[in-house]
Amino acid sequence: MNINEIRAQFPTLHREVNGKPLVYFDNGATSQKPQSVIDRITQYYTDENANIHRGVHTLSQEATSNYESARKTIQDYIGASSEVEIIFTKGTTDSINLVAHSFGELMQAGDEVVISAMEHHSNIVPWQMLCEKKDCKLKILPMNEQGELLLDELDQLLTDRTKLVAVTHISNSLGTINDVDEIIRKAHNVGAKVLIDGAQSVQHLDVDVGKLDCDFYAFSGHKLFGPTGVGILYGKRELLEQMPPYQGGGDMIKEVTLEKTTYNTLPHKFEAGTPNIAGGIGLGAAFEFLSKLDMSALVEHEQDLLDYATEQLEKIDGLKIYGTAKTKTSVVSFLIEGTHPYDVGTLLDKLGIAVRTGHHCTQPVMQFYNIPGTIRASFAFYNTREEIDRMIAALDRIIPMLKD
Ligand code: C6P
């Protein structure tokens with residue numbers, strides 16, 4: 001595996017920022033796109049643009065077939081048993097809201113939802129809204145100082161009223177890889193369904209929803225080298241069949257009269273209105289790109305980046321890393337004594353290095369540590385040790401300036 005060959009396929013990685021070669025360490029927020037994905041979207045708009053599922057004309061049929069073949073590519077990649085289990089959405093947030101709305105319709109007052117203390121706001125707020133609306137109870141699985149979930153406590157939280165457990169596979173602010181196998185097993189033992197927030201996972205792990213046996217799996221295209229504005233909700237077929245539609249409009253109907261509507265079959269029942277066609281096709285291209293790579297070698301490379309960055313950062317006086325779980329992916333969140341994360345992020349940017357600063361849409365995690373936010377470097381497989389060296393050298397330069 002040659003990282004330089006992989007890097008060569010990502011044009012943005014070769015630009016300069018503030019007169020310095022870009023070091024892109026904000027992959028948790030969004031990843032860069034390979035040329036093949038950019039070209040595929042351009043090709044759609046140049047040669048193939050038409051609406052889908054609606055036309056008898058050639059362009060429409062071609063666009064429909066390309067969109068549906070992207071769905072099939074994604075189904076194969078994540079190990080779903082049928083393409084009807086792959087719902088195109090706007091992204092992780094939209095996927096979770098779909099479940100909160102539609103699965104939520106099957107819940108009764110007094111039912112319970114369990115989430116964890118390390119969730120992204122997108123996997124907190126929809127459940128708070130649902131619980132308020134339906135008079136259900138939201139329970140929180142706590143974490144320890146290292147940023148690991150206290151799985152033993154799950155046994156006390158789960159009851160015969162638990163209808164859903166919604167947890168993140170990987171924490172975006174701490175990097176923790178959660179033991180979702182164990183969570184799914186425990187939840188299924190009490191008859192609860194499980195939603196996994198996979199926004200940070202499909203790009204870092206070999207995710208197989210069939211083997212995991214989760215009931216729902218949500219992720220965004222833009223974090224895994226695909227376009228923005230498109231994502232996936234995987235759901236088990238029998239569950240999706242039971243759930244009412246999310247939004248009403250075109251494509252999700254079988255027949256409409258002025259009095260009544262009957263709904264389309266899966267997956268279209270959950271895809272109201274003209275979808276992000278270019279996005280879906282582009283996401284298919286991102287999965288084609290990923291399937292040509294040796295994922296296990298790349299996971300090893302990312303682990304090496306994480307270990308190397310952790311080791312180098314720990315040498316810096318007054319630097320504290322938040323998120324030190326035993327199983328972690330390539331995210332390092334840290335603070336440096338006597339400096340504000342925003343100032344560090346701004347000065348790193350002046351030196352061409354892109355990191356994210358702030359609460360990373362996980363305010364409860366920041367409240368747990370009693371901090372306003374962190375500096376977060378999140379790596380993808382196209383990053384290198386040399387780039388980490390540049391960040392460390394930049395920090396060595398910046399810290400004395402900020403402490404003066
Ligand atoms: N986290 C980050 O910088 P959307 O915005 O729908 O594509 O993804 C939301 C989301 C949900 N869950 C997790 C675990 C996430 O990390 C994210 C997005 C970005 O960490 C932007 S806040």
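Strand E16 (356–358) and strand E17 (residues 374–378) pair in the antiparallel sense over three bridges, where strands (E, at least two residues) and helices (H or I, at least four residues) are DSSP runs numbered from the N terminus, and two strands count as paired if DSSP finds at least two bridges between them. Within this pair, threonine 357 stands opposite isoleucine 375 in E17. The model is a predicted one, in which local features need pLDDT of at least 70 and side-chain atom pairs count only at pLDDT 80 or more, while totals for chains, interfaces and linings use all residues. Residues are numbered from 1 along each chain as its sequence is written, and side-chain values use heavy atoms, with hydrogens and water left out.

The two strands belong to an open sheet of four strands, in the order E13-E14-E17-E16 and with antiparallel pairing. Strand E13 (319–322) and E16 stand at its edges with a single partner strand each, so one side of each is left without a neighbour in the sheet. From one strand to the next the twist averages 30°. Helix H11 (residues 295–314) packs on this sheet and touches E13 and strand E14 (331–336), its direction making about 10° with that of E14; axes here are lines fitted to C-alpha atoms, for helices over the stretch in contact, angles run from 0 to 180 degrees between N-to-C directions, and contact means heavy atoms within 4.5 Å.

A further open sheet has seven strands in the order E4-E10-E9-E8-E7-E5-E6, with mixed pairing. E4 and strand E6 (137–141) are at the edges, each with a single partner strand, so one side of each lacks a neighbour in the sheet. Neighbouring strands of this sheet are turned by 20° against each other on average, direction ignored. Four bridges join E4 to strand E10 (residues 231–235) in an antiparallel arrangement, with phenylalanine 88 opposite isoleucine 232 in E10. Helix H3 (residues 58–78) lies across E4, strand E9 (216–220) and E10, and runs at about 120° to E4.

The domain assignment, automatic or from a database, gives domain 1 (3–31 + 294–403) and domain 2 (37–291). Their C-alpha centres lie 28 Å apart, and 37 residues of domain 1 are in contact with 31 residues of domain 2.

Pockets were found on a 1 Å grid over the protein atoms alone, a pocket being an open set of points where a 1.4 Å probe fits, with protein on both sides within 12 Å along at least five of seven lines, and lining residues having an atom within 4 Å of a point. Grid points are joined across faces, edges and corners, and a volume is the space filled by probe spheres set on the points.

| Pocket | Volume | Lining residues nearest the centre |
|---|---|---|
| Largest | about 250 Å³ | Phe88, Thr89, Lys90, Asp94 and Ala272 |

Strand E4 (86–89) and helix H4 (92–102) each supply at least two residues of the lining of the largest pocket, whereas H4 gives the most to the lining of the second largest pocket, with three residues.

Two backbone features remain. A cis peptide bond, with omega about 0°, joins leucine 266 and proline 267, and proline 267 lies in the loop between strand E12 (261–263) and helix H10 (277–291). Aspartate 135, in the loop between helix H5 (125–134) and E6, has a positive phi of about 60° although it is not a glycine.
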